[in-house]
Amino acid sequence: MNIGIIYGGKSGEHEISLISAASLARGIAENHNVFLIGITKKGKWYLQDSSECERIRRDDGAALTITEDERNAVTIIPGAGKEALSVAGKSLSLDVVFPALHGTYGEDGTIQGLFEMADIPYVGCTPLASAVTMDKEKTKMLWQSVGLPVVPYVCMKRFVMLDSVLYDAFIDEAEKEIGYPMFVKPCCSGSSNGAAKATNRRELCYNLMEAFLWDDKVLIEKSVNAREIECSVTGNSVTYPPESECEDVIAYIPGEIAPTHTFYDFDAKYNDPNGAKLIIPAELSEGDLEKIRKTACAAYKVLDVTGLARVDFFVDKDTNAIYLNEINTMPGFTPISMFLKLCDASGLDFTALTELLIDEALRRYESKHRLTTSR
């Protein structure tokens, strides 16, 4: 089978994608042909030489690079299906693509829409589910609509930020409704980019300015004295027929992130090897572990997620209350990725996981092609 791994991209998580894609290339079974397609920070696509795949497979610690050779620039023909991607007029004939892309232009529905228009099978969520799950406010609104627990929050939009009267009134209301400390997060950014904790109005205003560099909407959440629990989920929440193992929605063993930083920020996730301790399984009662798994499946299903996701929770240290925090529909595939570790702890190793995800992508593609689109 010919598998295209697409990585890099116009995202604040570009460098993380280089590591994730390298891990994927090493993890995919060797009986498949892997084609590496790098997207630059300016958005141009380039097919990489086969030697790049060989290089990272020889070195477990290596990250991918992107060679910008115009002779290997990738073009896409809408509607051409598995022949849609080509280089110098020659089709790559890909059976499926695996977008190892994080954040903006990677898991926000944009590239998924491109795959749909090109008619290419791909791993991960549909454009709608990708777009919704990328937006933290809309995700929380949908979870709330079915009674799933979320931390109290408000959302500030840029037009409020630009109007001093509206801005002051909003801050007053946020202080009244939520109170300090608060967490400030861009609505549609990942890996904690632009996220910070505020303990007073001065910090809140500063953090809002920083967050608005990343997005036009910013979430302000109540800070909970909480443990951070994560749960990996796979499957197709729209169909999941009982006879299809790869489409069955499964939540794996929950684990706990114990950060050594103030919170689980970008540095703790990716730069500091001692930024967090990973505890698998999470040190919770069997009842709470099962509750988290069931809630993770419910959160996954209400958003129509397909393929994979990591669902993040808070467990209040004072009350033991469980809250949904976020969902990540293309979690990191780095060597320290919690998503991979949770699957592995449940008996699903990396190579078996990639086979599962590829199989689900192909089945979803075949299922969609049985639908009527015109008469």
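A disulfide is a pair of cysteine sulfur atoms within 2.5 Å. With that cut-off in hand, here are the close-up views of this predicted model.

**Figure 1. The cysteines of this predicted model form zero disulfides.** A search of the whole structure turns up none. Take C125: the cysteine sulfur nearest to its own belongs to C297 and is 14 Å away, and C125 is in no disulfide. The relative accessible area of C125 is 2%, so this residue is buried. C343 counts as buried because its relative accessibility is 1%.

**Figure 2. Strand β1 runs through residues 2-8 and is mostly covered.** Seven of the seven residues in β1 are buried. From β1, the chain passes through helix α1 (residues 14-27) to reach β2, making a right-handed β-α-β crossover. Strand β2 spans residues 33-39, and its pairing with β1 is parallel, over seven bridges. To find your place in this pairing, look for G8, which stands opposite I39 of β2.

**Figure 3. Strand β1 also pairs with strand β7.** Here, too, you can follow a parallel pairing, this one over four bridges, with β7 made up of residues 96-99. A handy landmark is G4, which faces V97 in β7.

**Figure 4. Strands β4, β5 and β6 form an open, antiparallel sheet.** The order of the three strands is β4-β5-β6. At the edges are β4 (74-76) and β6 (90-91), each of which pairs on one side only. Strand β5 covers residues 85-87 and is joined to β4 by three antiparallel bridges. Within this pairing, I76 stands opposite L85 of β5.

Figure 5. Elsewhere in the chain, you can pick out a single aromatic cluster built from F98, F333, F339 and F350.

**Figure 6. Charged side chains sit over the rings of Y122 and Y105.**

**Figure 7. Stepping back, the chain holds 12 helices and 17 strands.** This last view places the close-ups in their setting. Along the principal axes, the C-alpha atoms fill a box of roughly 60 × 55 × 45 Å. The radius of gyration is 21 Å, in agreement with the value near 21 Å for a compact globule of 375 residues. Of the 375 residues in the chain, 54% are buried.

Methods
Residues numbered from 1 in each chain as written. Predicted model: local features only at pLDDT ≥ 70, side-chain atom pairs only at ≥ 80, totals over all residues. Heavy atoms only, no water. Buried < 20%, exposed > 50% of the residue type's maximum accessible area, 1.4 Å probe, protein only. Helix = DSSP H or I, 4+ residues; strand = E, 2+ residues; numbered from the N terminus. Pairing = 2+ DSSP bridges. Right-handed = clockwise from strand over helix to strand, strands pointing away. Phe/Tyr/Trp six-rings, centres within 6.5 Å; stacked < 30°, edge-to-face > 60°. Lys NZ or Arg CZ within 6 Å of the ring centre and 35° of its normal. Rg over C-alpha atoms; globule rule 2.2 N^0.38 Å.
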